[in-house]
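Visitor: I have a structure to read and would like to take it feature by feature. Where do we begin?

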2 protein chains.
Amino acid sequence: MTTISIIGSGNMATAIGTRAAKHGHAIELMSRNTAKASALADQIGHGATVAALGATPAGDIVIVAVPYTSAVDVVTHYGDALAGKILVDISNPFNADASGLATTPDSSAAQEIAAAAPEGTPVVKALNSVFGHVLAHDTPLDVFVAGDDAAAKAQVAAFLESIDLRPLDTGGLGMASVLEWTGILLMGLARNGAGFDIALGAEVR
Amino acid sequence: MTTISIIGSGNMATAIGTRAAKHGHAIELMSRNTAKASALADQIGHGATVAALGATPAGDIVIVAVPYTSAVDVVTHYGDALAGKILVDISNPFNADASGLATTPDSSAAQEIAAAAPEGTPVVKALNSVFGHVLAHDTPLDVFVAGDDAAAKAQVAAFLESIDLRPLDTGGLGMASVLEWTGILLMGLARNGAGFDIALGAEVR
C-alpha cells in the first residue's frame with residue numbers, strides 16, 4: 001500500500017482515486033474546492049483524506065488531475081512543497097474542439113509542468129490516453145507512459161500495475177507530446193464510429 | 001476481387017501485395033526499379049503484374065508505398081494518370097531518428113500527397129501505424145484510417161476488411177498528422193520494451 005496524492009476533484013481524480021483505493025492504496029485529495037474534495041473522499045471511502053491545496057502532499061506520487069489550463073498554475077502554487085515528489089501529468093492539452101493540441105509543437109503539457117515544478121522534480125506522463133469512465137470500470141487496460149527519470153517511471157509503473165493497468169513505456173519526456181497526440185487519436189476514433197467506451201492498447205502479433 | 005495497384009517494391013509493397021494477393025486481389029506493381037518489381041511479382045504470384053511507373057494504374061485503389069521522401073515526387077510524376085483513382089498514403093514522415101515528424105505542424109504527408117495529386121483525387125491515410133513484417137504475418141490487425149471523401153474511405157475500408165484488417169476511422173484528412181504521430185508512438189513502444197512485433201489496436205472496455 002502506498003499513499004497516492006491526487007490534486008483535483010473532477011472525473012479523472014474520481015476514476016483514479018476510486019480505482020486506487022479499491023486496490024488498497026491510501027488516497028489523499030487536494031483541491032481548490034474543499035467541499036467537493038470532501039464529498040469525493042466520502043465517495044471513495046477506504047479512509048481517503050483531504051488536504052489543503054498547496055500543502056506538502058503525503059504521497060511520494062502526486063497525480064496532477066486538474067485540467068491542462070490550470071495545471072501549470074497549480075504546480076506553481078505548490079512550489080517547493082513538491083520537492084522530492086514524483087509528479088504524474090495526466091492532462092490532455094486539447095484545443096477548443098479536441099481536433100489538435102493547444103501546446104506548441106516543440107513542447108508538451110508534461111514539459112510545461114516539469115518547467116513549473118521545483119528543479120529536478122521528475123515528471124511522468126501517464127493515463128492521458130484513457131477515458132475516465134473507462135478507467136473507472138476497473139477492467140485491465142494498457143496505458144502509455146513517458147518520462148526521463150527511470151526510477152520515477154518504475155515507481156509509477158509499479159503503481160499502475162498495482163491497479164490492474166499495464167504500463168507501456170514509450171521513452172523519455174520528449175515523447176509526452178506523442179502521448180498527447182494519442183489523446184487526439186482516441187477522440188478521433190471515439191467520434192468516428194468506435195464510440196467512447198474504447199481503450200487503446202498494444203499486442204504482440 | 002479488385003485490382004490493387006501498388007507503387008513501390010519495398011517492404012511495405014511486399015507485405016501489402018502478398019497479403020492482398022492471398023486474399024484474392026489482382027496485384028499490379030509499379031516501381032522505378034522494374035527488375036525488383038518483376039522479382040516481387042514472381043514472389044507474390046497469383047498473377048501479379050508489373051506496369052511502368054507513371055502509366056495509368058489498372059486499379060481503382062492505388063497504394064503509394066514509397067518512402068515519404070519520394071512520395072510527392074512520384075505522385076507528381078504520375079500527374080493526370082491518377083485522375084479518378086483513390087490514393088492510399090501509407091507513409092511515415094519520420095525525422096532522422098524517428099523521434100518526431102519531418103512534416104510541418106499544420107500539415108501531413110497525406111495532405112502533401114493530396115496537394116500533388118490531380119485536383120479532386122481522394123487520398124486516404126491508412127496502414128502507416130503497423131510494421132510491415134507484422135502486416136506480413138497475415139493475422140487480424142486494427143488499422144487506423146483518415147480521409148475526407150466518405151465514398152473513397154468506404155472503398156478502402158472494404159479492401160482492408162477483405163484482407164482481414166479492421167479499419168478504424170479517425171476522421172477527415174486533417175487527422176492524417178495524428179496517424180503519423182501514431183507511427184512515432186509505435187516506434188517509441190517498440191524501442192522501449194514492447195518490441196517490434198507489436199501492433200496497436202482499440203477495444204471496447
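Guide: With a pair of strands. Strands pair if DSSP finds at least two bridges between them. Helices (H or I, at least four residues) and strands (E, at least two) are DSSP runs, numbered from the N terminus. Here, strand β4 (residues 61-64) and strand β5 (residues 86-89) of chain A pair in the parallel sense, over four bridges. In β5(A), I86(A) is the bridge partner of I61(A).

Visitor: What kind of model is this, and how is it numbered?

Guide: This is a predicted model: local features need pLDDT of at least 70, side-chain atom pairs count only at pLDDT 80 or more, and totals for chains, interfaces and linings use all residues. Residues are numbered from 1 along each chain as its sequence is written, chains are lettered from A and ligands numbered from 1 in the order in which they are written, and side-chain values use heavy atoms, with hydrogens and water left out.

Visitor: In which order do the strands of the open sheet of chain A stand?

Guide: The order is β3-β2-β1-β4-β5-β6-β7-β8 in chain A, eight strands with mixed pairing. β3 (49-51) and β8 (165-169) of chain A stand at the edges. Each has a single partner strand, so one side of each is left without a neighbour in the sheet. From one strand to the next, the twist averages 30°. For angles, axes are lines fitted to C-alpha atoms, for helices over the stretch in contact, and angles run from 0 to 180 degrees between N-to-C directions.

Visitor: Which strands does helix α4 of chain A touch?

Guide: Contact means heavy atoms within 4.5 Å. Helix α4 (residues 109-116) of chain A packs on the sheet and touches β5 and β6 (123-126) of chain A. The direction of α4 makes about 155° with that of β6(A).

Visitor: What about chain B?

Guide: Chain B has an open sheet of eight strands, in the order β3-β2-β1-β4-β5-β6-β7-β8, with mixed pairing. At its edges stand β3 (49-52) and β8 of chain B. Take one pair: strand β1 (residues 3-7) and strand β2 (residues 26-31) of chain B run parallel, joined by five bridges. T3(B) has A26(B) as its bridge partner in β2(B).

Visitor: How many salt bridges does the structure hold over all chains?

Guide: The rule asks for a side-chain nitrogen of Lys or Arg within 4 Å of a carboxyl oxygen of Asp or Glu. Over all chains there are twelve. One of them joins D142(A) and R166(A), with the closest N and O atoms 2.8 Å apart. This pair links distant parts of the chain: D142(A) lies in strand β7 (residues 141-147) and R166(A) in strand β8 of chain A, 24 residues apart.

Visitor: How do I read the interface of the two chains?

Guide: Start with contacts, then area. 30 residues of chain B are in contact with 30 residues of chain A. Buried area is the accessible area (1.4 Å probe) that two parts lose on being put together, summed over both. Here that area is about 2600 Å², and carbon and sulfur atoms give 65% of it. W181(B), L185(B) and R205(B) supply 26% of the area that chain B buries against chain A, more than any other three residues.

Visitor: How many salt bridges cross the interface?

Guide: The rule finds zero between chain B and chain A.

Visitor: Which strands pair between the chains?

Guide: Strand β9 (residues 198-204) of chain A pairs with β9(B) in the antiparallel sense, over seven bridges. V204(A) stands opposite I198(B).
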